[in-house]
Amino acid sequence: MTKPPRKPPQPLLGKADAPLRGRPRRRRDPAQHQLTLDPMPARIDPCLAQLKPRPPKGRQWSFEVKWDGYRLAVHIEPKGIRILTSGGHDWTERFPAIAAQAKRLPVSTAILDGEAVVFDDLGRSDFGKLQQSLGGRGGKRRSWESVLMAFDLLYLDGHDLTGTELTARRHLLEGLVPAGGEEAIRLSEEIEADGDKLFRIACEHGLEGIIAKDRNSIYRSGRGGEWQKIKCIQSGGFAIVGYQRSSSAFGNIRALLLAARKEGQLVYVGSVGTGFKATQAMELRAAMDKRKVSAPAVRYTGRRKNLIWIKPKLIAEIEYRAWTHDGKLRHPSYKGLRDAADNPSICEI
């Protein structure tokens, strides 16, 4: 007796001509744990670099150029762009080119950490040119020339990255701001080189210095040592405690009298009489004359004549070569007034 023919085997995934369907999903239990996103912080205090005399040694250190400008945090939010200074002031309107470029970045939410700079003819960041582009200290001009040199990424699409190591943050930043761009937001590139050699080259090219960063470090606000700065030319903020009048100098200023902090007290550290431009001197003179006082805020034993004393509220950025044996600045040069919004600090000695 012949056996009936077998039924053809069924395909493993069902009927060959039938659409593939997954198993119906059950409704989600509202009590089940949800994967939440990190809330975007309104502001993050910046990580600051410690001043060191020489570059650190070790493979964990990466190096970048030290930029001479204003530290900024660019917040990219669903409601728009915010650009904050290191002191927390909103300067979005003052950097329109940076804000416009931030809107074009391929990201929904982010916080970029960087330095706003203006370049000179040789491609070096120039703090004086940056201040001029903003209309001077207290000016309200918009700086279309400014470029943000982005060097860190603190928040990205709902995720707080401050607890992530620098190597990972840089990887994400490079995907957002590619190297070699000519836009208003550019990548501050890591430089593969020996620290001592890079520092020497930076000084030979007239740069301010270099920054060293621990690749394994998280982003920690304040000056914790994970970031270090090594300067070719020393610079810092000094309180102006007075000035010497002159009928022939720009703004009638022969020299500024400067002070630094020592053990919590202001001490006189010398004077500066170079670096002024005519427009700067006039603005500076007007600002100082609003703060005149009858007695100096420091102990002064010099012999200069025609001195005008002021309240130590104005902070000047001063470049200098070294300190003298008696605690005075050697070869100082005036660079400009630090804006209060930039959270300036007085140099400690």
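Author: Gladly. The model is predicted. Start with two strands: β5 and β6 pair in the antiparallel sense, over eight bridges.

Reader: What makes β5 and β6 a pair?

Author: The cut-off is at least two bridges between the strands. β5 and β6 have eight bridges, so they count as paired.

Reader: Which way do β6 and β8 run, and how many bridges join them?

Author: They run parallel, with three bridges. Leu148 has Ile185 in β8 as its bridge partner.

Reader: How do you know that β6 and β7 pair?

Author: β7 covers residues 159–160. Two bridges link β7 to β6, in the antiparallel sense. At least two are needed, so the pair qualifies.

Reader: Why is β6 called largely enclosed?

Author: Because 10 of the 10 residues of β6 are buried. Helix α1 is one of the elements beside it: the buried residues of α1 pack against β6, and also against β3, β4, β5 and β8. Those buried residues of α1 are Pro96, Ala97, Ile98, Ala99, Gln101 and Ala102.

Reader: What makes the link of Cys203 and Cys232 a disulfide?

Author: The S to S distance is 2.1 Å. The limit is within 2.5 Å, so the pair counts. A search of the whole structure finds one disulfide. The link is left-handed, with -95 degrees about the S-S bond. It ties distant parts of the chain, 29 residues apart. Cys203 is in helix α4, and Cys232 is in the loop between β10 and β11.

Reader: Are these two cysteines buried or partly exposed?

Author: Partly exposed: Cys203 has 30% relative accessibility, and Cys232 has a relative accessible area of 22%. Buried would need a value under 20%, and exposed one over 50%, so each falls in between.

Reader: And why is Cys347 called buried?

Author: Its relative accessible area is 17%. That is under 20%, so the label is buried. Cys47 is buried too, at 1%.

Reader: How do you know that the buried residues of α5 lie on the same side?

Author: The residues are Gln280, Ala281, Leu284, Arg285, Ala287 and Met288. They cover an arc of only 165 degrees around the axis, which puts them on the same side of α5. The face turned away carries the exposed residues Thr279 and Met282. A helix has 3.6 residues a turn, so residues three or four places apart point the same way.

Reader: What does the buried side of α5 pack against?

Author: Its buried residues pack against α2, β11, β12, β14, β15 and β19.

Reader: What makes the span of α5 close to the expected one?

Author: α5 has 12 residues. From the first C-alpha to the last, the helix reaches 17 Å, and 16 Å is expected at 1.5 Å a residue.

Reader: Why is Ser62 called buried?

Author: Ser62 has a relative accessible area of 2%. The cut-off is under 20%, so Ser62 is buried. The residue sits in strand β2. Leaving aside neighbours within four places in sequence, Ser62 is in contact with Leu166, Glu190, Ile211, Ala212, Lys213 and Arg215.

Conventions
Residues numbered from 1 in each chain as written. Predicted model: local features only at pLDDT ≥ 70, side-chain atom pairs only at ≥ 80, totals over all residues. Heavy atoms only, no water. Helix = DSSP H or I, 4+ residues; strand = E, 2+ residues; numbered from the N terminus. Buried < 20%, exposed > 50% of the residue type's maximum accessible area, 1.4 Å probe, protein only. Contact = heavy atoms within 4.5 Å. Expected span 1.5 Å × (residues − 1). Arc of directions from axis to C-beta.
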